[in-house]
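Visitor: I'm new here. Could you show me around and tell me how you decide what to call things?

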Amino acid sequence: EVSELRIPLGAGGFGFLPLHMMQKHKLIEKYAEEAGNPVTVNWSNIGGPAVMNDALLSGSAHFISAGPPAFLFMWDRTRSNMAVKSVGAISSMPMHLNARVADLKALDDISGGQKIAVTSVKVSIPSIIMQMYALKKYGKDQVFRFDPFTVTMSHPEAVITLLSGSGTIVAHWASAPFDQRELKDPAIRTIMNSDDVMGGSTTFTMMSTTTKFQTENPKVYGAVVKALKRAQEMIGEDKKAAAEVLLASMGGKGWAIDELVGILNDPSTKYTIKPENVLKYANFMHEIGSLKAKPAGLGDLFFEPKDLGGGN
Amino acid sequence: MAEPAAAPPRPDRIYETLPEGFGVVAKPLSFWARIADNGVFRKSVLLAVLALIWQAYALWLGNSLLFPTFTETGYAFYEGMRSGALTEATFHSVWLLLKGYALGLAFAAAATAFAITTRVGADLLDTLTSMFNPLPSIALLPLAMIWFGLGEGSIIFVLVHAVLWSVALNTHAGFRSVSPTWRMVGQNYGLSSLAYVTKILIPGALPSILTGLKIGWAFAWRTLIAAELVFGVSSSGGGLGWYIFQNKNLLDIPNVFAGLLMVIIFGLIVDNFVFRVLEQRTIRRWGMQS
Amino acid sequence: MAEPAAAPPRPDRIYETLPEGFGVVAKPLSFWARIADNGVFRKSVLLAVLALIWQAYALWLGNSLLFPTFTETGYAFYEGMRSGALTEATFHSVWLLLKGYALGLAFAAAATAFAITTRVGADLLDTLTSMFNPLPSIALLPLAMIWFGLGEGSIIFVLVHAVLWSVALNTHAGFRSVSPTWRMVGQNYGLSSLAYVTKILIPGALPSILTGLKIGWAFAWRTLIAAELVFGVSSSGGGLGWYIFQNKNLLDIPNVFAGLLMVIIFGLIVDNFVFRVLEQRTIRRWGMQS
Amino acid sequence: MTDPNPKPLLAVDGLTLQYRTRDSIVTATYRVSFDVFTSDRYVILGPSGCGKSTLLKAVGGYIRPVEGSITLAGAQISKPGPDRVLVFQEFDQLLPWKTVRENVLFALVASGRLKGREAAERADHYIAKVNLTGFADSYPHMLSGGMKQRVAIARGMAMEPQILLMDEPFAALDALTRGKMQEELLQLWDETKVTLLFVTHSIPEAVRIGNRILLLTPHPGRAKAELGSTGTDLVGPDGLTLSARIDSLLFDRHPTARSNAHG
Amino acid sequence: MTDPNPKPLLAVDGLTLQYRTRDSIVTATYRVSFDVFTSDRYVILGPSGCGKSTLLKAVGGYIRPVEGSITLAGAQISKPGPDRVLVFQEFDQLLPWKTVRENVLFALVASGRLKGREAAERADHYIAKVNLTGFADSYPHMLSGGMKQRVAIARGMAMEPQILLMDEPFAALDALTRGKMQEELLQLWDETKVTLLFVTHSIPEAVRIGNRILLLTPHPGRAKAELGSTGTDLVGPDGLTLSARIDSLLFDRHPTARSNAHG
Ligand SMILES: Nc1ncnc2c1ncn2[C@@H]1O[C@H](COP(=O)(O)OP(=O)(O)OP(=O)(O)O)[C@@H](O)[C@H]1O
Ligand SMILES: Nc1ncnc2c1ncn2[C@@H]1O[C@H](COP(=O)(O)OP(=O)(O)OP(=O)(O)O)[C@@H](O)[C@H]1O
Ligand SMILES: [Mg+2]
Ligand SMILES: [Mg+2]
């Protein structure tokens with residue numbers, strides 16, 4: 001089994017807080033030692049999801065973290081070779097569509113040259129959410145109705161553009177804490193919530209690795225699962241301490257600790273290994289043709305769904 | 001060597017009948033020598049070898065999600081062309097590229113003309129180049145947003161940034177290396193500043209300028225691909241950068257490489273059919289470059 | 001003009017006593033002329049003016065989230081230096097940069113030496129340059145991952161890609177423009193290939209090479225800033241790219257600009273203290289550039 | 001002839017020229033004064049490195065005097081201009097991106113002398129005079145050293161400027177070509193009475209071309225003598241030929257000791 | 001003298017040289033043959049553009065013959081080498097990044113002739129011979145045209161090669177300097193008996209320098225005559241001086257009609 005584990009930290013923010021907890025409290029090291037296979041963990045900061053994929057595929061990283069759509073693409077494309085599956089969910093939380101223009105009261109009002117900022121057109125969580133929404137409301141041939149109104153932008157870029165009120169960006173699908181930052185501006189309102197479309201709390205980030213790694217390194221794999229669970233518990237146990245870890249991971253400034261604790265206390269922010277609505281994503285993406293395969297059940301997507309306490 | 005001996009005395013000789021008929025035929029070259037002399041042939045062989053290496057390495061690697069084989073890429077390329085998606089994206093990009101490149105050149109021309117005619121201009125160009133050339137495009141983002149908003153305007157702005165400095169740097173350095181004699185000749189005819197620049201400095205500095213144009217062109221491509229992502233790619237359609245990123249997100253790697261292959265092919269075409277022809281018509285013909 | 005008249009007859013003149021004492025003193029220059037002659041002074045004024053423009057525009061814009069004022073940036077810069085965060089990030093980046101740059105130069109040197117000595121080499125360099133120079137770094141991602149994994153190795157790989165082609169292109173073009181007479185002189189002494197390149201071609205092409213070095217340096221910076229985001233940095237701390245990225249995430253825009261200011265300052269320092277000195281010691285001194 | 005006290009066309013007065021390099025100052029000429037009148041064929045003669053080219057470049061307006069002044073028709077010379085056309089000593093004075101004909105044409109057109117057919121005719125006329133008609137469409141890098149110089153001569157002559165400045169124009173030419181060029185130049189002068197300022201290092205050439213000859217001392221160049229010449233090497237009142245006098249003045253050696261060394 | 005039938009050091013046989021450009025082929029020399037023996041001072045004389053420089057470059061190994069062969073000491077010449085040092089006609093033959101002394105030193109050291117103190121001494125010796133000691137630390141761009149050529153001459157002489165190829169080396173020099181350089185060259189020959197292949201366009205120089213003189217026709221260059229010379233312009237059996245004979249041969253004019261045109 002490996003003695004050095006390489007895990008990229010992901011895009012940062014609330015969705016990846018358990019990873020920072022694992023790093024801070026050396027949880028993986030601890031459980032691996034207990035399992036009789038001590039490891040050192042090399043955490044690295046990485047910017048984009050594309051690199052994350054390449055890192056996993058090339059063996060430069062052992063575990064990666066991403067949102068359900070990105071994971072599902074990976075799962076679908078690697079079924080016949082590397083068989084990437086998920087370890088478990090990292091977090092569940094909604095994304096909010098924040099709009100600046102007064103006459104934009106619902107997503108349906110968007111028109112003309114107006115644009116919505118998303119982290120990645122067509123394949124990000126908000127894009128899929130809007131496709132689902134369009135399917136439900138306008139029918140199958142209108143699935144991609146809102147895609148032409150989207151534009152790729154990183155969260156901070158989108159926040160700045162929206163707050164400056166310049167340009168054609170009229171709305172932004174934001175996650176915490178960018179969501180909260182935007183709402184401080186009285187001109188900006190939330191007009192849509194991803195959980196509403198999904199019909200309940202939905203997984204926001206999840207961790208995955210290759211089948212090869214999982215079978216070859218059972219002890220390490222087990223330690224990672226345990227560490228993930230423990231990190232999620234620890235966040236629940238002491239939100240203030242968790243908020244401090246989060247703040248430190250973000251450079252130690254920019255947000256007040258109470259603000260962060262407030263977000264952690266929000267019931268829609270959940271840290272659980274249990275997948276929520278992942279199958280729904282998968283089925284939808286298969287239906288519209290984005291995925292070639294349709295997972296038969298959680299067992300297809302996750303290594304050991306039993307360990308995760310079920311989910312859907 | 002033989003001992004140095006005085007040269008032998010010889011009688012004077014006068015050749016009364018001179019040889020005639022200067023049209024000496026060139027020594028015929030062997031078939032292989034002629035083939036090897038053919039640049040197109042040599043480069044084709046090279047390209048074939050490179051493609052083979054690619055194919056062999058990709059096969060050996062066996063990870064087509066990371067690095068597809070040449071044939072997979074070729075097939076994706078063919079499909080992309082057939083469906084028109086790749087062609088369309090390419091047209092979109094090339095069009096943008098040309099606009100940005102042309103604008104960048106115009107600015108570079110203005111900047112160097114200004115630099116060469118006034119001392120303040122030279123200082124300014126020097127300073128601006130050393131300040132802005134190292135700046136990543138991300139630094140321009142806010143200004144681009146303010147001035148041009150999302151989309152084409154901003155991309156062209158970044159393209160200008162990519163082209164301007166390297167072309168200006170090469171051109172200005174080229175100007176300063178123009179032979180003093182040519183300068184003096186030019187000044188002798190009382191040329192206007194503009195005529196002096198276009199008739200003396202530009203041709204005199206052409207080897208450097210062409211290098212700058214090549215580098216500028218290459219950097220415009222690089223920047224374009226990246227900028228299409230940074231500056232908000234709307235899903236309504238985009239250029240090659242968008243094509244590449246979209247397919248990367250969808251993990252459709254052969255298509256990603258097909259997009260990159262397109263960039264490579266364009267590089268080869270422009271280099272061999274535009275820049276090379278330019279070089280042969282100018283600096284080679286003039287004996288300014290061997 | 002007066003009517004052309006034959007020149008008047010004049011008596012012969014013989015100057016028996018020649019003027020002596022050649023140490024003619026230069027005409028004294030006015031204070032302002034001397035000040036204006038001082039490059040450092042002129043550039044300082046320019047920089048001050050640029051800073052003023054920045055300040056004025058930012059104030060007028062009044063959107064410090066998008067474009068902070070010079071003073072805000074200056075303060076953030078000062079704070080970053082004081083706390084050490086900016087200094088540390090800069091050191092980290094510069095160190096990486098130097099490694100990548102040095103390696104890129106080494107490869108460029110090898111490539112051009114190969115290109116200049118063999119015809120296959122020239123073809124190969126031409127072809128590779130026109131193929132790879134326009135390729136964005138993202139194209140290298142998979143190979144970088146396979147060969148170097150996450151972190152420094154990959155960043156250096158991308159830096160080499162940024163430096164190599166522009167330096168090689170300029171150097172090779174410079175070599176080909178070296179005066180045929182100098183080449184013949186060099187060949188006359190039966191120099192080895194290596195000596196021929198180092199003793200004749202490199203000094204002869206130095207104006208072009210220096211331009212290539214400048215462009216390569218600038219692109220290395222640009223690339224580094226972007227690559228640190230893409231290829232990640234070890235969690236123990238990153239370079240300037242990371243600094244900028246993180247502050248952007250925190251919407252701490254003055255710090256973002258402080259990072260960029262650092263890039264600019266470095267550009268100015270390297271240009272004025274490294275490249276300029278190099279130029280003055282070489283091509284200026286040799287009369288190869290005015 | 002008619003004017004008893006004419007004004008010089010070109011007046012050089014106490015001219016000191018220097019090159020400033022980072023480490024040193026090189027004085028090229030020191031306090032040189034002379035006057036060139038309209039239609040003079042004024043020759044400057046001096047040993048290698050004495051500052052002849054520098055002097056000519058100063059008259060051309062390329063080099064600023066450190067001391068003294070140069071006035072052309074009463075006006076201070078401050079910058080190069082097409083009223084003073086220079087034929088340089090350097091072989092690279094042709095623009096490599098122009099053919100022989102284009103080089104000559106360019107000079108005529110760029111300076112506004114002539115244009116269109118007239119310019120083309122004049123260019124061809126002078127190219128024929130220097131015997132290069134067959135090479136009119138060649139680029140300079142395809143010419144021999146002497147041929148390049150001949151093109152430059154054709155270019156200078158074609159300009160028919162107020163004053164033609166020539167810096168050792170015939171140095172690279174063989175005896176026959178040289179003789180022919182000298183004849184052409186004198187014939188041009190006969191036709192146009194152009195004022196010539198001619199630098200050479202050859203005494204016979206100076207005697208043949210010049211009506212006035214300025215002798216410069218070795219480095220730094222100072223005026224040593226100014227002599228008249230009739231174009232033939234006549235024996236003067238002191239029983240010496242002009243060239244022998246020049247030789248003795250230039251090289252400070254006894255006239256009889258003069259060897260036949262110069263080729 | 002001792003060997004009744006010696007082998008030539010340099011044998012040029014039926015040499016045709018051409019330049020190929022994109023549009024045309026220029027024949028520079030056509031079927032030229034001649035032999036240079038060890039310690040010859042062999043002069044090539046011909047009008048401007050007749051192919052003298054091209055011929056010399058071919059002997060230098062820079063240009064491939066289209067027809068014919070060049071052998072040095074029995075071996076075909078295929079590439080440049082330090083056994084044949086060339087003094088070029090061009091003014092830019094000095095390496096601008098080296099001072100005068102460094103230029104001479106570099107030639108000695110790079111070719112493996114000498115190194116260290118010996119090389120420095122030899123360099124200084126020859127720089128003194130061309131009267132440039134005061135400029136030993138100047139860069140070439142700070143020299144006049146004639147001074148540059150003198151440095152190149154010093155460099156060529158310092159190399160003391162098997163055969164020294166000189167292309168109009170003295171063309172840019174004034175009479176005095178030229179005479180001095182000629183004397184130095186002859187003195188060097190007296191000391192070292194170096195084989196010289198010398199291109200010039202000056203008949204008196206050819207007569208003075210050469211022991212054999214090859215006359216070339218105008219473009220394209222063909223061998224017209226090969227004459228011996230004793231260094232003085234003696235009157236031959238036909239009642240003509242050598243230079244008058246050369247003149248009439250070269251220019252196909254009647255000997256008595258010879259003008260004194262060449263300067
Ligand atoms: N690079 C070249 N390309 C094409 N033709 C050339 C080239 N160099 C020289 N020629 C031609 O070759 C012929 C001989 O040139 P070469 O330089 O040998 O003459 P030369 O005898 O040295 O003349 P000069 O005394 O003027 O130096 C000329 O007609 C010239 O036009
Ligand atoms: N660019 C320069 N920088 C410094 N010194 C120079 C420069 N050009 C010429 N000189 C010096 O000025 C003096 C005169 O040079 P100039 O070229 O005028 O001589 P010249 O009389 O034309 O000689 P020649 O007959 O050899 O051409 C020389 O001593 C030379 O070293
Ligand atoms: Mg001169
Ligand atoms: Mg020649």
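Guide: Let's start with ring pairs: rings of Phe, Tyr and Trp (its six-membered ring) pair if their centres lie within 6.5 Å, and planes under 30 degrees apart count as stacked, over 60 as edge-to-face and the rest as tilted. This is a predicted model, where local features need pLDDT of at least 70 and side-chain atom pairs count only at pLDDT 80 or more. Residues are numbered from 1 along each chain as its sequence is written, and chains are lettered from A.

Visitor: Which rings do ring pairs link into a cluster?

Guide: The cluster holds B:W54, B:Y57, B:W60, B:F67, B:F70 and B:F257, along with C:W147, C:F148 and C:F157.

Visitor: Why is the pair of B:W286 and D:W97 called tilted?

Guide: The ring centres of B:W286 and D:W97 are 6.4 Å apart and the planes are at 55°, so the pair is tilted.

Visitor: Are B:W286 and D:W97 buried or exposed?

Guide: Both B:W286 and D:W97 are buried, as buried means under 20% relative accessible area and exposed over 50%, with partly exposed in between (1.4 Å probe, protein chains only).

Visitor: What makes C:W54 and C:F257 a tilted pair?

Guide: Their centres lie 6.3 Å apart with the planes at 50°, so C:W54 and C:F257 are tilted too. C:W54 and C:F257 are both buried.

Visitor: How do you know that A:R145 lies over the face of A:Y138?

Guide: A charge sits over a ring if NZ of Lys or CZ of Arg is within 6 Å of the ring centre and within 35 degrees of the ring normal. A:R145 is at 3.8 Å from the ring centre of A:Y138, and lies over its face. Likewise, the charged end of E:K98 sits over the ring of E:F106, 4.6 Å from its centre.

Key
Heavy atoms only, no water.
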